[in-house]
Amino acid sequence: MNLPKPTDNQLNVLLSKARRIIAYCGRRGGKTHFLKYKALERAVNYPNSDILYVAPTYRQAKELFWYPFKSIVPIEYISKKNESSLKIEFINGSIVRVYGGRNYDSMRGLGLDLALVDETSDQNEELYREVLNPALADRKGSIVLAGTPKGFDWVYDLKDNDEWEFYSWTTLEGGLVDKEEVERAKLELDPKTFRQEYEASFENYSGIIFHAFSDENVIERHFKSGLPTTLTYDFNVNPMSILVIQEDQGKHYVVKEFQLGDSNTEAATLRAVQYLKENNHSGIIYVTGDSTGNNRSTIGSPGKTNYTIIREILQSNGFNPEIYTPRVKSKEDAFNLTNGAFKNYKGEMKLFIDKNCNYLIKNLKRVTREDYDKKDPKGVTHIVDALTYYPHAYLKNNRNRISVD
Ligand SMILES: Nc1ncnc2c1ncn2[C@@H]1O[C@H](COP(=O)(O)OP(=O)(O)OP(=O)(O)O)[C@@H](O)[C@H]1O
Ligand SMILES: [Mg+2]
């Protein structure tokens, strides 16, 4: 069989007879591979087994599991392979099905002997409760939830339950990644992200998004004329948020916040212009915000985009703005980069906030993952969103800027 030997940790879980297993490990710890061993072992040793593998998306399921799995199953074991429904039928009657978890309604009605869930903390609890649990009930099937921690989520709640057997190991303990590579990650990530991703730690993550932000980042800092100055926007009507950020010798200072109720891009920009003039700012000004700034405005100036409006107002007041939107891969990415700017693993700090920016400071301290997941019922994400566009556009050697004409 075309398979490497399982590592000690993988073998340990593989030998477990428990019906409910959580295997939560550091990145590259060998989780997905373990699920392949598990699927194969069940399919081959127990004829007529119905086995399901679920990754968060169909595409991930195909890339992480389907392609590598079908290549390790010896051809003489296979009776049928269906590339479009991602299903392998074995000659002994076992079936392995591969699904994307977002589409969990399509799994209803299955009867399963083994469910293998990958990247579980990126999956919906309903997938487990409403679909997999009932699917396993009839045949007294088993389930493995594999993944890397993401704070105190539903998997965290399950792991201390007596019905579950919990296995965990760090990236280094997994033995599949060099020590040097793990050391390198320490320099790129803030301490909490490192512990979570490489040490599989649930402990130190409270759900607060800006966990690297502390009172050390809050200082007294006033606008200084002549420094490179950025206006970052969150385009929302109520509240509309703008931050004024200045760069000085490699450090970045939020010197002013505007959090305006029932406003629009025009009115808010006029407030910012008034502020720049009061502070005698001359020269270049940068503008950034999310790509919705490129949408046509319906209020105030129909037909124009938010960025056109901003450019016109700044120009008619003697400023010549350069406008960028950040190339954001994911919200998560923007949060990590902002946290890294507050403080990285080496203890370096790049981003500071004037103590008078009360809304920003208050919301940085309390915005949680849930506020984002639940579409911000408390209205606390806008001003911090305005901040997260900045590191992307300005701290990553400008590689992540998209110019707005
Ligand atoms: N027992 C093994 N022997 C040799 N190589 C292995 C073994 N298990 C896994 N690998 C290899 O190590 C790498 C990481 O394994 P795997 O993808 O299973 O880890 P993971 O924990 O799922 O990673 P991620 O956090 O990226 O999802 C892969 O390249 C895989 O092929
Ligand atoms: Mg994996």
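Author: The discussion below moves from the whole chain to its domains, its cores and its ligand shell. Please keep in mind that this is a predicted model.

Reader: How many helices and strands does the secondary structure of the chain come to?

Author: The chain comes to 14 helices and 16 strands. Its C-alpha atoms fill a box of roughly 80 × 45 × 35 Å along the principal axes, and 43% of the 405 residues count as buried. Among contacts between residues at least 6 apart in sequence, 71% join residues at least 24 apart.

Reader: Into which domains is the chain divided?

Author: The division gives domain 1 (8–199) and domain 2 (215–403). Taken over C-alpha atoms, the centres of domain 1 and domain 2 are separated by 40 Å. The contact between them takes 8 residues from domain 1 and 8 residues from domain 2. On the domain 1 side, α7 (179–188) and α8 (191–199) each supply at least two residues, and α8 has the largest share, with 3 residues. By class, this side of domain 1 divides into 4 nonpolar, 2 polar and 2 charged residues.

Reader: Which residues of the largest nonpolar core touch the most other members?

Author: A core is read through its members and their contacts. The largest one has 48 residues, and Ile242, Leu243, Val254, Ala272 and Leu360 touch the most other members. Helix α14 (residues 382–394) contributes the largest share of this core, 6 residues. Leaving aside residues up to four places away in sequence, Ala272 touches Leu231, Ile242, Val244 and Phe258. Another core, of 47 residues, lies apart from the largest one; Phe69, Met107, Tyr128 and Val131 are among its members.

Reader: Which residues come nearest to ligand 1?

Author: Of the 15 residues around ligand 1, Pro4, Arg27, Lys31, Thr32 and His33 come nearest. The shell has 4 nonpolar, 7 polar and 4 charged residues. Helix α2 (residues 31–45) gives the most to this shell, with 3 residues.

Reader: Which residues in α2 are buried?

Author: The buried residues of α2 include Lys31, Thr32 and His33, which are also among the residues nearest to ligand 1. Phe34, Leu35 and Leu40 of α2 are likewise buried.

Key
Residues are numbered from 1 along each chain as its sequence is written. Chains are lettered from A and ligands numbered from 1 in the order in which they are written. This is a predicted model: local features need pLDDT of at least 70, side-chain atom pairs count only at pLDDT 80 or more; totals for chains, interfaces and linings use all residues. A residue is near a molecule or strand if its C-beta atom, placed from the backbone, lies within 6 Å of it. Helices (H or I, at least four residues) and strands (E, at least two) are DSSP runs, numbered from the N terminus. Ala, Val, Leu, Ile, Met, Phe, Trp, Tyr, Cys and Pro count as nonpolar, Asp, Glu, Lys and Arg as charged, and the others, Gly among them, as polar. A residue is buried if 20 or more other C-beta atoms lie within 10 Å of its own, exposed if 12 or fewer, and partly exposed in between; C-beta atoms are placed from the backbone. Domain bounds come from an automatic or database domain assignment. Two residues are in contact if their C-beta atoms, placed from the backbone, lie within 7 Å. A nonpolar core is a set of buried Ala, Val, Leu, Ile, Met, Phe, Trp, Tyr and Cys residues joined through C-beta atoms within 7 Å.
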